[in-house]
Amino acid sequence: MAKPGTFIYEAAGEAHTLVITEDSPEPAIILFIIEGGLIYLNKSVDGGFAAYEDGFTALELTRKYYREAGLDVRQLDLLVR
């Protein structure tokens, strides 16, 4: 259970679910630092492959959000080195 200012490290292979409870006194700000790809498994069905994410897929999702929100995607691309 994390509290304000808490740092949590999750080793590769660990499973978790992020939950912000409704009685939280303020919104949560979460920073994920991901090293390598994330492979999601569908344990409720057959434990097989469900999805994959990495820095490149996250960047594409962010570009999609920028376009849908009417933001200038070129400004996002200026942040990427």
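**Close-up views of a predicted model**

Of the 81 residues of the protein, 7% count as buried. The model is predicted, and the legends below describe its overall layout and several local sites.

**View 1. Overall fold of the predicted chain.** The protein has two helices and two strands, arranged along the sequence in the pattern β-β-α-α. Its radius of gyration is 16 Å, well over the 12 Å that the globule rule gives for 81 residues, so the protein is more spread out than a compact globule. Taken along the principal axes, the box filled by the C-alpha atoms is roughly 40 × 35 × 25 Å.

View 2. Strand 1 covers residues 38-42 and strand 2 covers residues 48-53. The two strands pair in the antiparallel sense, with five bridges between them. N42 is placed opposite G48 of strand 2. Five residues separate the strands in this hairpin, and G47, in the turn, has a positive phi of about 75 degrees.

**View 3. A nonpolar patch on the surface.** The patch consists of L18, I20, I30, F32, I34, L38 and Y40. Together these residues have about 640 Å² of accessible area. I30, one of the members, belongs to the segment before strand 1. The relative accessible area of I30 is 41%, so this residue is partly exposed; the limits for that class are 20% and 50%.

**View 4. D72 in the loop between the helices.** Helix 1 spans 55-68 and helix 2 spans 73-79, with D72 in the loop between them. The side chain of D72 reaches the backbone nitrogen of R74, at 3.0 Å. D72 counts as partly exposed because its relative accessibility is 31%.

**View 5. R63 and its two salt-bridge partners.** The structure holds four salt bridges, and R63 takes part in one with E60 and in another with D77. For R63 and E60, the closest N and O atoms are 2.5 Å apart. These two residues are three residues apart in helix 1, so about one helical turn separates them. For R63 and D77, the closest N and O atoms are 2.8 Å apart. This second pair links distant parts of the chain, since R63 is in helix 1 and D77 is in helix 2, 14 residues apart. R63 has a relative accessible area of 17% and is therefore buried, the cut-off being under 20%. E60 counts as partly exposed at 41% relative accessibility, and D77 counts as partly exposed at 32%.

**View 6. The salt bridge between K64 and E68.** The side chains of K64 and E68 meet in a salt bridge, at 3.4 Å from N to O. Both residues lie in helix 1, four residues apart, which is about one turn of the helix. K64 counts as partly exposed, at 44% relative accessibility. E68 has a relative accessible area of 59% and is therefore exposed. Elsewhere, salt bridges that share partners join E60, R63 and D77 into one network.

Notes
Residues numbered from 1 in each chain as written. Predicted model: local features only at pLDDT ≥ 70, side-chain atom pairs only at ≥ 80, totals over all residues. Heavy atoms only, no water. Pairing = 2+ DSSP bridges. Patch = residues over 30% accessible without salt bridge, like charges linked within 9 Å, V, L, I, M, F, W, Y side chains within 5 Å. Areas by Shrake-Rupley, 256 points an atom, 1.4 Å probe, with all protein chains shown as cover. Buried < 20%, exposed > 50% of the residue type's maximum accessible area, 1.4 Å probe, protein only. Polar contact = N/O pair within 3.5 Å; in protein donor to acceptor, adjacent residues only side chain to side chain. Rg over C-alpha atoms; globule rule 2.2 N^0.38 Å.
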